[in-house]
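New notebook page. I want to get my bearings before looking at any details.

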Amino acid sequence: SQDEKSTKTTIPFFKNNNLDRQWNVLRRNDDNLLLADGRLEITAAAGDINGAADNGANVVLQSANSDWTIDTKVQTSALPTGAQNAGLVAYQDDAHFVKFVYTAAGFRRGQQQAAAPAAGNLQLYVEENGASKSTASVNLAEAGVKDNTIYLKLEKDGSVYTALYSVNGK
């Protein structure tokens, strides 16, 4: 999701510059979605899946009806500001999901700290029956984040979700 400035997120695991059949794009907006050099680049735009908004576009999904692990390198062109965020989501529908995102430091839904550190923040959101809440937050000011790059991993084992991050891919 985004405020007014543009932030791009690139995911380097798509082959042949195409989304294969297993991928579905929720509320696809081709103006802000680019596949090139095996990378998926999404330009953030106004919208979100948190709360009642349910208007976030270009949420790239793949069916996963069992236990799984997904990891990705998130690299943004600028530090997220305001409500901008990029990351991983375990999505059932707009009223049920787990979202692990790189976002602006100090951001809480509806509120922005005046003097946020320049490294960003990680947020783990859970939305159930349309009620969204932040269940974990990590301020990245002292974690060694470089070039607005963070590695995220989300694991599902039964009904337990585990969120992990790294600043160096290890």
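What share of the contacts in the protein chain between residues at least 6 apart in sequence join residues at least 24 apart? I get 59%, with a contact meaning heavy atoms within 4.5 Å.

Ground rules first. This is a predicted model, where local features need pLDDT of at least 70, side-chain atom pairs count only at pLDDT 80 or more, and totals for chains, interfaces and linings use all residues. Numbering runs from 1 along each chain as its sequence is written, and side-chain values use heavy atoms, leaving out hydrogens and water.

Next I looked up the fold.

Then I went to the second largest pocket. Its volume is about 170 Å³. Its lining includes D71, T72 and K73, as well as Y151, L152 and K153. L164, Y165, S166, G169 and K170 are also on my list. Which strands each supply at least two lining residues? They are β6 (68–76), β11 (149–157) and β12 (160–166). By type, I note four nonpolar, three polar and four charged residues in this lining.

Last stop, a charge over a ring. The charged end of K99 sits over the ring of Y125, 5.2 Å from its centre (the cut-offs: NZ of Lys or CZ of Arg within 6 Å of the ring centre and within 35 degrees of the ring normal).

Terms used. 1 Å grid on protein atoms, 1.4 Å probe; cavity = no way out; pocket = protein on both sides within 12 Å on 5 of 7 lines; lining within 4 Å. Points joined across faces, edges and corners; volume = space filled by probe spheres on them. Helix = DSSP H or I, 4+ residues; strand = E, 2+ residues; numbered from the N terminus. Nonpolar A, V, L, I, M, F, W, Y, C, P; charged D, E, K, R; others polar.
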